[in-house]
Amino acid sequence: MILTCDNCRFIFSRTEETDQCPDCGKHMVRPANETEQEEFETRMAELVRSEHSEAPRFPALEETEFSMLSSFSFRLPATALQIDSEMVVDIIVEYGENPADRSELAGNVWARQEGGMTSSFLMSVHLPAKRSETPKEQVNRIYAALSGSGSFKEKLSDFITAQIGHSF
């Protein structure tokens, strides 16, 4: 979580809640607003770039940043695309707020043959973000966009056809 001190305006992150500023020591800390969060992320990105631009290396585990993505999956038989096969495909969608454009909900769509070990990237999906939208509403919107997408059906059909060709 990203926090701001109302006394000294220091913006910082913590994994647990705190009410004390690590900079000035005052107990005037609150969750950062959207503008402060953007400022923090910009400063952190610049700091990471400047620290590692001259000497690229693998980061130590404690220096690694994690991003939280949401995901959902569904299964689709090849026959749903009028392909004469008993194949069933697992579709996995990872999605979240687009870090490059916070007004956008973005996701990556992956496919693998049921029971398969390797997933293949199919496509990206981009939708306008909606404030206060629940994860269930986001899933429903993404699923509806995929269901109505000719491009998704075409890429999935190509994937299935290629998988059928590799199985002979």
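Is Phe12 buried or exposed? Phe12 counts as buried because its relative accessibility is 3%, where buried means under 20% relative accessible area, exposed means over 50%, and partly exposed lies in between (1.4 Å probe, protein chains only).

Before moving on, note that this is a predicted model, in which local features need pLDDT of at least 70 and side-chain atom pairs count only at pLDDT 80 or more, while totals for chains, interfaces and linings use all residues. Residues are numbered from 1 along each chain as its sequence is written, and side-chain values use heavy atoms, with hydrogens and water left out.

**Stop 1: aromatic rings.** Rings of Phe, Tyr and Trp (its six-membered ring) pair if their centres lie within 6.5 Å; planes under 30 degrees apart count as stacked, over 60 as edge-to-face and the rest as tilted. This rule gives five aromatic pairs. Select Phe10 and Phe12: they form a stacked pair, 5.6 Å centre to centre with 15° between the planes. Phe10 counts as partly exposed because its relative accessibility is 31%. Then select Phe72, Phe74, Tyr95 and Tyr143, which form one aromatic cluster.

**Stop 2: an open sheet.** Strands (E, at least two residues) and helices (H or I, at least four) are DSSP runs numbered from the N terminus, and two strands pair if DSSP finds at least two bridges between them. Here three strands form an open sheet in the order β2-β1-β3, with antiparallel pairing. β2 (11-13) and β3 (29-31) are at the edges with a single partner strand each, so one side of each has no neighbour in the sheet. Now pick out β1 (residues 2-5), joined to β2 by three bridges; Ile2 has Ser13 in β2 as its bridge partner.

**Stop 3: the cores.** A nonpolar core is a set of buried Ala, Val, Leu, Ile, Met, Phe, Trp, Tyr and Cys residues joined through side-chain atoms within 4.5 Å. The largest has 23 residues, of which Ile91, Val109, Ile142, Phe152, Leu156 and Ile160 touch the most other members. At least two residues of this core come from each of β4 (70-77), β5 (88-97), β6 (104-113), β7 (120-128), α2 (135-147) and α3 (150-166). Apart from it lies another core, of five residues, including Leu3, Phe12, Cys21 and Val29.

**Stop 4: a hairpin.** Finish with β6 and β7, which pair antiparallel over eight bridges. Select Gly107 and its bridge partner in β7, Val125. Six residues lie between the strands of this hairpin, where Gly115 takes a positive phi near 85°.
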